[in-house]
Amino acid sequence: MVAAHTSSHPSASAEWIICLDKRPEERSGEDVDIILARLKSVKAFEKFHPALLQQICLCGFYECLEKGITLYRQGDIGTNWYTVLSGSLDVKVSETANHQDAVTICTLGIGTAFGESILDNTPRHATIVTREFSELLRIEQKDFRTLWENYRQCMAGLLVPPYGVMESGPNADRMPDKENLSNSSPGSSSKHLNK
């Protein structure tokens, strides 16, 4: 866990981070309500069923990472699922499995959820590196599997497809819109999956 940016008088925007930074078993009902209020405004969660979102508030963790941090490498067996709350991360793939010759195939922006390979323990398809300072919501594998078992129908259409199925061609700068991505105009300031 990385410490949240706080002062002696935490602002309302930092309050949810403080609540999310607590161990799940230490979160009060009020903590969960504060986290829930914030996550309802996150694009990745706007289509989630309220009961599923509440469960995410109970088991999720907050992470903030500086630019250039490798979240995981191609070929690793995953342990966490993530959602981008702020910032962006580059998706890098290597045909030789050597991270030094990896090429960036797209960027994961605000509202993107990724890492579902943890459901079946398949190796990660890509290396993920922070492009800028980024805030993430992280859910551990055991908790994500439980969520998937209990809310499979709610979650099935909300996950980003594997990196290998991205479109190419004239519109290759964006992946097809999924329910967990904003329907905002291409000129908006939020970043989507850019090639």
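Tutor: Along the sequence, the protein chain reads α-α-α-β-β-β-β-β-β-β-β-α. That makes four helices and eight strands. Keep in mind that this is a predicted model.

Student: What share of the residues of the protein chain count as buried?

Tutor: Of the 195 residues, 46% count as buried. The chain exposes about 9900 Å², and carbon and sulfur atoms supply 49% of that area.

Student: Which residues have the most contacts inside the largest nonpolar core?

Tutor: They are Trp16, Leu39, Phe45, Ile56, Trp81 and Leu147, in a core of 31 residues. Among the elements giving two or more residues to this core are helix 1 (12-20), strand 3 (80-86) and helix 4 (141-155). A second, separate core has 14 residues, including Leu71, Tyr72, Cys106 and Ile128.

Student: What makes Trp16 and Tyr62 an aromatic pair, and why is the pair called edge-to-face?

Tutor: Take the distance, then the angle. The ring centres are 5.8 Å apart, and the limit for a pair is 6.5 Å. So the two rings count as a pair. The planes stand at 85°, and edge-to-face requires over 60 degrees. Therefore the label is edge-to-face. Both Trp16 and Tyr62 are buried.

Student: Why does the pair tie together parts that are apart in sequence?

Tutor: Trp16 lies in helix 1 and Tyr62 in strand 1, so the pair joins parts 46 residues apart in sequence.

Student: How many aromatic pairs does the structure hold?

Tutor: Six. Ring pairs also link Tyr72, Tyr82 and Phe114 into a cluster.

Student: How do you know that the charged end of Arg27 sits over the ring of Phe61?

Tutor: Check the distance first. The charged end of Arg27 is 5.7 Å from the ring centre of Phe61, and the cut-off is 6 Å. The charge must also be within 35 degrees of the ring normal. Arg124 lies over the face of Tyr72, at 3.9 Å from the ring centre.

Student: Why is Arg131 called partly exposed?

Tutor: Its relative accessibility is 41%. Buried means under 20% and exposed means over 50%. The value for Arg131 falls in between, so the residue counts as partly exposed.

Student: Where is Arg131 found, and with which residues is it in contact, leaving aside its neighbours within four places in sequence?

Tutor: Arg131 is in the loop between strand 7 (127-130) and strand 8. Those contacts are Lys67, Ser88, Leu89, Asp90 and Thr107.

Student: What makes strand 2 and strand 7 a pair?

Tutor: Count the bridges. Strand 2 (residues 70-72) and strand 7 share two bridges, in the antiparallel sense. Pairing needs at least two bridges, so these strands qualify. Thr70 has Val129 as its bridge partner in strand 7.

Student: How many bridges join strand 4 to strand 7?

Tutor: Four, and strand 4 (residues 89-93) runs antiparallel to strand 7. Here Asp90 stands opposite Val129.

Technical notes
Residues numbered from 1 in each chain as written. Predicted model: local features only at pLDDT ≥ 70, side-chain atom pairs only at ≥ 80, totals over all residues. Heavy atoms only, no water. Buried < 20%, exposed > 50% of the residue type's maximum accessible area, 1.4 Å probe, protein only. Areas by Shrake-Rupley, 256 points an atom, 1.4 Å probe, with all protein chains shown as cover. Core = buried A, V, L, I, M, F, W, Y, C linked by side-chain atoms within 4.5 Å. Phe/Tyr/Trp six-rings, centres within 6.5 Å; stacked < 30°, edge-to-face > 60°. Contact = heavy atoms within 4.5 Å.
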